[in-house]
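Please read this note with the model open. It goes through the points in turn, with the cut-offs given where a term is first used.

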Amino acid sequence: MTGEASGAARTPQALEGVKVVEFAVFAAGPMVGKHLGEHGATVVRVESRTRPDGFRVHYPPYKDNIPGLNRTGSFALFNDSKFGVTLNLKHPQGREVAGRLVAWADILIENFVPGVMARNGLDYEAAREINPSIIYLSSCNMGQTGPKAGQRGFGSQLTSQSGFTYLTGYADGEPMLLFGPYIDFVAVGFGLIAVTAALDHRRRTGRGQYIDLSQYEAGLQFIAPALLDHELNGVIPACLGNRSPHAAPHGAYPCRGEDRWCVIAVHTEEEWRAFCRAAGRPEWTEDARFASLDARKAHEDQLDALVEAWTRGRTPQDVMETLQAAGVPAGVVNRLSDLFADPQLAHRRVWRALPHPELEAFHYEAPPFILSETPAELRRSPLLGEHNARVYREILGLPDEEIERLIADGVIE
Amino acid sequence: MTGADQPLERGGTDPRAGARLLAPYRVLDLTDGNGWLCGRILGDLGADVVKIEPAGGDPGRRIGPFCGGGPRPAESLAWLAYNANKRGITLNLEAPAGQDLLRRLVHRADFLIESFAPGYLDGRGVGYRELRKISPRLVFTSITPFGQTGPYARYRGSDLIAMAMSGLMALVGEPGRPPLRVSLPQAAMWAGMHAAAGTLIAHDYRERTRRGQHVDVSIRDSVLWALANAPAHWSLMREDLERGGTSIVGRSTTGARMRAIYRCRDGHINFIFYGGEAGRRSNEAMVQWMTEMNEAPEWLRQKDWGTFNVAASTQEEIDRLEGPFVAFLLKRTKAEFASESVRRNILGYPVADARDIRGDPQLAARGFWQEVDHPELDAAVMYPGPFARCSGASCAIVRRAPRIGEHNGEIYGGEMGYSRPELETLRQAGLL
């Protein structure tokens, strides 16, 4: 595959031999394929040239701020470690070729609004006719059924329907955005879990599976305690800024430099005493206002003002190192640039700078779990249609003349 | 001990369970709140998950909010939510005999998941290096704040630390005001979910090769994906995006910010102008609704959304566009927007709270909520339902979270064959 170091001794990969076809767009579908691909599955991403993935077209960042189908960072980040082919699914012969990919695959991933795959003749019933043991993942905002199933939507808004936005903000203030499509990546994790479990089940039983994943319902797993609080106690949990009922001091505090911040989280009395010593303020441990968690919570504004007076003269790195050395949870509010200089992320090889013909060196992102025997190997994201020959000729075994005819007929775009 | 040589049976399946994807497997769950979700997910998929707690119970049981508002240990809502579908036993890992008990449990386990500080289990002779000798096929998953090794491996973590160090907080909140986390802890959710994914990938390899492995999950790294495409901005543009408050940033090459949170009559709505074909349809549908209510100015009705390029839009253009939408949405309710946005296929949703979610007809129609019996509360409680629907298997809750040591008799007695007097001896020795 592209970007693979040639000649290097290969470690085994966990999902070698697993075959995946993706009819998917944006993040929620393609990211599942990425995680399978980086662990060794052969993943074929089917794309349209006439209606390319939105992340190839109208989403910055672009390399040098110049748009282009192979110049977007979002497409790259979510589509490494897979082959890319183009196919016109509106063309009857396109569907026929897609059917061959379905026959080849163990897993099919799609994340269109319900009904699209059926219109393309590729819904679960059709796929099962071709490949009775296929594992078919449908991931969409609201699930395949119910009165809202047909509503289109994106994760940046669904994150609000799922309660996350309401739970984010300054106390008594407006709800704050969680930057982007937070919930998409929750759905990615649960989608990955469902297909890998289904794969094991199929290996033992020979039976496939249809998986209806509502991104909304997947997201609600992350706020289950808030839903139970409403159910059992009639409470509607709201945003608290950065405060916690279980810790004080607990917040983001300003540091030296422009818009630089650190975080400090003191949960126990032991941590509180260690914090006071490390900050050079042992007298705070004698202060009746701060003598217990309850007392610190009752005087939290005063406490925060004192903590802030201490952090303001220091860099966030200095605060983190000083307090961590004393056993107090503290950290830097990392900006994007800090993440790329972070020694721990470097140690875990999270960022993989791989050469790309149009992006030069792009930083791909490895998963947050490291498998000791079969660590992830990332290969750069495909250019649009880059692997048409490889997939149609070598994987599907189509003769050259048929491929040429499909290109001439606009089937392979 | 007469029970020592008895084979373990894989108990714990419930007749209500139906077909479950991971039914043949057993998980030993030694996690605290940082890893509960991982075991819960494996349990939802049908694995026999045995939650192993210290004698006094998992400390996370005592972290509120609680059922009934007051501190009633064993009834922390997070405990209840993330330990359903598990059985529970107690075990003292500090005592050598307790470590022996764990080794015996490992003989017949397929997975072990834990969230102790790096080196803690190694120091007690039950880390991965030791346990793989007992069971080379064991998949052993560790969940820690920063990972097992590296310069920050010994750093202390918490939800706030992970949210900050992941970079997410720098992107959340008003410019000029402090960066924000989500008020409900999220880092352990990201970690538990990713741990389950990594565990199952390792499982797939194990089932082909009979080789287990160590899955090393970093909680901070798990939150990195919550940043979505933000890291690409640095990679391609060497750009530190700033937090946008209620506006989305990074959507236009001009740097324009776009409002996404609008006030409405009873709260807020999340709506944004999208580009592309989906955006055109949504924007047109929104203007059509405004037109029907006589609230769309003439210039807006004339706007050609087919040529609207969100990726090149300027701040001036966006500010002008927003005006009529701000005024229009201020007069609508969350429920009104929810139903009209479905009917008209508008890309947007209300900013829902727990009550809105509980009342959402979509979730009711899909039978999402699941009633779980809680005899000790004298109540049946509606829990959020499964994370996915599988055609040939159930992911439903088949048992509520265990009480402390609830299954000691069932597992140590029934499955491992310890007699009642032997169990009493173990208990008195402080092992259970």
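The points below cover the basis of the model, the domains, the chain contact and some local strand and helix geometry.

1. This is a predicted model, in which local features need pLDDT of at least 70 and side-chain atom pairs count only at pLDDT 80 or more, while totals for chains, interfaces and linings use all residues. Residues are numbered from 1 along each chain as its sequence is written, and chains are lettered from A and ligands numbered from 1 in the order in which they are written.

2. Chain A is assigned a domain 1 (19–222 + 348–408) and a domain 2 (250–339); such bounds come from an automatic or database domain assignment. Taken over C-alpha atoms, the centres of these domains of chain A are separated by 42 Å. For chain B the division is domain 1 (2–225 + 371–428) and domain 2 (244–361), with C-alpha centres 42 Å apart.

3. Between the chains, 132 residues of chain A are in contact with 132 residues of chain B (C-beta atoms, placed from the backbone, within 7 Å). On the chain A side, helix H8(A) supplies the largest share, 15 residues. By class, that side has 74 nonpolar, 43 polar and 15 charged residues. Here Ala, Val, Leu, Ile, Met, Phe, Trp, Tyr, Cys and Pro count as nonpolar, Asp, Glu, Lys and Arg as charged, and the others, Gly among them, as polar.

4. How do H8(A) and H7(B) cross, and at roughly what angle? The axes of H8 (residues 182–205) of chain A and H7 (residues 187–209) of chain B come within 9 Å and cross at roughly 25 degrees, which means that H8(A) is roughly parallel to H7(B) (angles under 35 degrees count as roughly parallel, over 145 as roughly antiparallel, 65 to 115 as roughly perpendicular and the rest as oblique). Helices (H or I, at least four residues) and strands (E, at least two) are DSSP runs, numbered from the N terminus. Axes are lines fitted to C-alpha atoms, for helices over the stretch in contact, and angles run from 0 to 180 degrees between N-to-C directions.

5. The residues of H8(A) that meet H7(B) include Val186(A), Phe190(A), Ile193(A) and Arg203(A); on the H7(B) side, Met193(B), Leu200(B) and Glu207(B) are among them. This helix contact has eleven nonpolar, four polar and four charged residues.

6. Asp212(A) has Arg389(B) as its bridge partner in S14(B).

7. Within chain A, an open antiparallel sheet has the strand order S7-S8-S9. S7 (250–254) and S9 (330–332) of chain A are at the edges with a single partner strand each, so one side of each has no neighbour in the sheet. From one strand to the next, the twist averages 20 degrees. S7(A) is joined to S8 (residues 261–265) of chain A by five bridges, and His250(A) is partnered by Ala265(A).

8. Helix H13 (residues 300–311) of chain A packs on this sheet, touching S7 and S8 of chain A, at about 40 degrees to S7(A). Helix H14 (residues 316–325) of chain A lies across S8 and S9 of chain A and runs at about 160 degrees to S9(A).

9. In chain B, S12 (residues 370–374) and S13 (residues 379–383) run antiparallel, joined by five bridges. S12(B) and S13(B) form a hairpin with four residues between them, and Asp378(B) in the turn has a positive phi of about 55 degrees. Glu371(B) stands opposite Met382(B).

Key. Pairing = 2+ DSSP bridges. Contact = placed C-beta atoms within 7 Å.
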